[in-house]
Amino acid sequence: MICPACYHNGTRVLDSRPSHEGRSIRRRRECEECSHRFTTFEMVEEIPLIVVKKDGTRQEFTREKILRGLIRACEKRPVPLETLEKIVNGVERELRGLGKNEVNSQDVGELVMERLADIDDVAYVRFASVYRQFKDINVFIKELTELMNKN
C-alpha cells in the first residue's frame with residue numbers, strides 16, 4: 001500500500017475490523033517511512049446488479065436511490081437512519097442472493113415496501129403512494145384498508 005502523505009510503498013497494518021455489516025474490512029495503517037496513519041477499506045468486488053424499469057430501460061442498482069426514497073417516506077417519522085440502512089442492506093442482499101444479473105424494479109419496490117410495512121405504517125403508505133403511483137383516492141383507500149386488515 002502506498003502512503004498518501006509521502007508515497008512510500010510500505011505500510012504496516014495496525015488494526016483490522018469488519019465494517020459495513022461484514023461486507024468490508026477496515027484497516028488502520030501506518031507508513032514505515034513517515035509514520036503517517038490512514039485508513040483503508042477492503043471489499044469484495046461485486047458484479048453490477050441491473051434494474052429493469054417499467055419502461056424497459058436498464059440502470060445499475062444504486063443503494064443511495066433506495067435510501068433517498070426511504071428517507072423521504074420517513075420524513076418527520078420516528079425511524080432512525082440506521083433502520084433505513086438495514087432495509088437497504090437487506091433488500092440488496094436478497095436481490096444478489098437471487099443469483100441474477102438483472103431484476104425488475106417492481107421486485108425491488110415490493111421488497112422495500114415489505115420491510116417498511118413492519119417498521120412504520122405512515123412511511124409505508126407514503127412510499128407505496130409514490131411507488132405504485134396512486135391515481136385517485138379510491139386506490140389510496142384500498143391500500144389503507146389492506147394495511148388495516150393486515151394489522
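# Notebook: a first look around

**Entry 1, T40.** I started with T40, which counts as buried at 12% relative accessibility. A reminder to myself: this is a predicted model. T40 sits in strand β3, which covers residues 37-43. Which side chain does T40 join in a polar contact? I found R29, at 3.1 Å. Then I listed the contacts of T40, skipping its neighbours within four places in sequence.

Next I looked up the charged pairs. How many salt bridges does the count come to? It comes to ten.

I picked out R12 and E30, whose closest N and O atoms are 2.5 Å apart. Are the two partners buried or exposed? R12 is partly exposed, with a relative accessible area of 44%, while E30 is buried at 10%.

E30 has another partner as well: R37 forms a salt bridge with E30, and here the closest N and O atoms are 3.3 Å apart. I noted R37 as partly exposed, at 48% relative accessibility. Put together, R12, E30 and R37 are linked in a network of salt bridges. The buried residue E30 takes part in both pairs I wrote down here.

I also checked R58 and E102, whose side chains meet in a salt bridge at 2.9 Å, N to O. Why does this pair tie together parts that are 44 residues apart in sequence? R58 lies in strand β5 (residues 58-60) and E102 lies in strand β6 (residues 102-104), so the link runs between those two strands. E102 itself counts as partly exposed, at 35% relative accessibility.

I moved on to helix α2 (residues 81-97), where R96 lies. At 28% relative accessibility, R96 counts as partly exposed. What does the side chain of R96 reach at 2.8 Å? It is the backbone oxygen of I47. Apart from its neighbours within four places in sequence, R96 is in contact with E46, I47 and L49. R96 and E46 are 50 residues apart along the chain, but their C-alpha atoms are separated by 9.3 Å.

I then looked for the largest nonpolar core, which has 28 residues. Which of them touch the most other members? They are L70, L95, V108, L116, Y124 and F127. The elements that give two or more residues to this core are α1 (63-73), α2, α3 (105-117) and α4 (121-131). I followed up on L95: leaving out residues up to four places away in sequence, L95 touches L49, F61, V103, V108 and L111. V108 turns up again there, having already been among the residues with the most core partners.

Which residues of α1 are buried? I wrote down I66, L67, G69, L70 and A73. They cover an arc of only 160 degrees around the axis, so they end up on the same side of α1. On the face turned away from the buried side of α1, I found the exposed residues E64 and R72. The cover over the buried residues of α1 includes α2, α3 and α4.

I stopped at S105, found in helix α3. Buried or exposed? S105 counts as buried, at 15% relative accessibility. Setting aside its neighbours within four places in sequence, S105 is in contact with V51, V52, K53, K54 and Y131.

Last, I looked for disulfides, and the structure holds zero of them. C3 counts as buried, at 0% relative accessibility. C31 is in no disulfide either, as the nearest cysteine sulfur, that of C6, is 3.6 Å away. C31 is also buried, with a relative accessible area of 2%.

How values were computed:
Residues numbered from 1 in each chain as written. Predicted model: local features only at pLDDT ≥ 70, side-chain atom pairs only at ≥ 80, totals over all residues. Heavy atoms only, no water. Salt bridge = Lys/Arg side-chain N within 4 Å of Asp/Glu carboxyl O. Buried < 20%, exposed > 50% of the residue type's maximum accessible area, 1.4 Å probe, protein only. Helix = DSSP H or I, 4+ residues; strand = E, 2+ residues; numbered from the N terminus. Contact = heavy atoms within 4.5 Å. Polar contact = N/O pair within 3.5 Å; in protein donor to acceptor, adjacent residues only side chain to side chain. Core = buried A, V, L, I, M, F, W, Y, C linked by side-chain atoms within 4.5 Å. Arc of directions from axis to C-beta. Disulfide = S-S within 2.5 Å.
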